[in-house]
Amino acid sequence: QAYIFFGLSTMARVNAMAHLKWEQVDLDERTCTDVLEKEGKIVDLYFSPEVEELLRKVKQEREENNINDYGWVFYSPYVDENTCINNSTLNDWCKKAGAMIGVPSLHNHDLRHSGSNILKELGMEIQDIAELLHHESTETTVKHYLTVNKKKVKDNKDKFTF
């Protein structure tokens, strides 16, 4: 649950999430700093209050059960101090979550698409969505991430009936 909600909230790429360490996470500010993105780009991630709560629970559970996660936020028994969780493991987590909600084809990248569309539907400016996705232009965001809500377009059209 923490992984899926984190992915939706931050819209981070799977590799960025796999390599995320607790030392990069500021739970009070709800940010992750100096996160390695694709092509060596270093970015910041921002997450919701709900994700903050989930991450606090994950951290507490690991402490209470003496689980050594080697500092990685997303953990499996196969990680160590030099090896983060495998992207394919995170993809398996996505598929399991997808099966639970009736979307068996759910992939990690779908979290980026869904998160960006949720923000658009809530009224966030496209420029801000593009920034959160770490796109160099809004063109990429609009062309490849955002979908048209045809019902909303129709409802808006009805407001301007002549």
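This is a predicted model: local features need pLDDT of at least 70, side-chain atom pairs count only at pLDDT 80 or more; totals for chains, interfaces and linings use all residues.
View 1. Because Phe 6 belongs to helix α1 and Phe 47 to the loop between β3 (42-46) and α3, the pair ties together parts that are 41 residues apart in sequence.

**View 2. The edge-to-face pair of Phe 6 and Phe 74.** Here the rings of Phe 6 and Phe 74 are 5.4 Å apart from centre to centre, with 65° between their planes, and the pair is edge-to-face. Distant parts of the chain are linked in this way, since Phe 6 lies in helix α1 and Phe 74 in the loop between α3 and α4 (87-100), 68 residues apart. Phe 6 and Phe 74 are both buried. Through ring pairs, Phe 6, Phe 47 and Phe 74 are joined with Tyr 3 and Trp 93 into a cluster.

**View 3. The packing of helix α1 against helix α3.** Helix α1 (residues 2-10) and helix α3 (residues 49-64) pack at an angle of about 145°, their axes being 10 Å apart, and α1 passes α3 in a left-handed crossing. On the side of α1 the contact is made by Ala 2, Phe 5, Phe 6 and Ser 9, while α3 contributes Val 51, Leu 54, Leu 55 and Val 58. Of the residues in this contact between α1 and α3, seven are nonpolar and one is polar, and none is charged.

**View 4. Arg 62, a buried residue of helix α3.** Arg 62 lies in helix α3 and has a relative accessible area of 13%, so Arg 62 is buried, the cut-off being under 20%. Leaving aside residues up to four places away in sequence, Arg 62 touches Trp 22, Ile 67, Asp 69, Trp 72, Val 73, Phe 74 and Tyr 75. Trp 72, one of these residues, also has Lys 21 over the face of its ring, at 4.1 Å from the ring centre.

**View 5. Lys 150, an exposed residue of helix α8.** Lys 150 lies in helix α8 (residues 150-159) and is exposed, with a relative accessible area of 66%. From C-alpha to C-alpha, Lys 150 and Lys 57 are 39 Å apart in space, and in sequence they are separated by 93 residues.

Key
Residues are numbered from 1 along each chain as its sequence is written. Side-chain values use heavy atoms; hydrogens and water are left out. Axes are lines fitted to C-alpha atoms, for helices over the stretch in contact, and angles run from 0 to 180 degrees between N-to-C directions. Helices (H or I, at least four residues) and strands (E, at least two) are DSSP runs, numbered from the N terminus. A crossing is left-handed if the near helix is turned anticlockwise from the far one by less than a right angle, and right-handed if clockwise. Contact means heavy atoms within 4.5 Å. Ala, Val, Leu, Ile, Met, Phe, Trp, Tyr, Cys and Pro count as nonpolar, Asp, Glu, Lys and Arg as charged, and the others, Gly among them, as polar. Buried means under 20% relative accessible area, exposed over 50%, partly exposed in between (1.4 Å probe, protein chains only). Rings of Phe, Tyr and Trp (its six-membered ring) pair if their centres lie within 6.5 Å; planes under 30 degrees apart count as stacked, over 60 as edge-to-face and the rest as tilted. A charge sits over a ring if NZ of Lys or CZ of Arg is within 6 Å of the ring centre and within 35 degrees of the ring normal.
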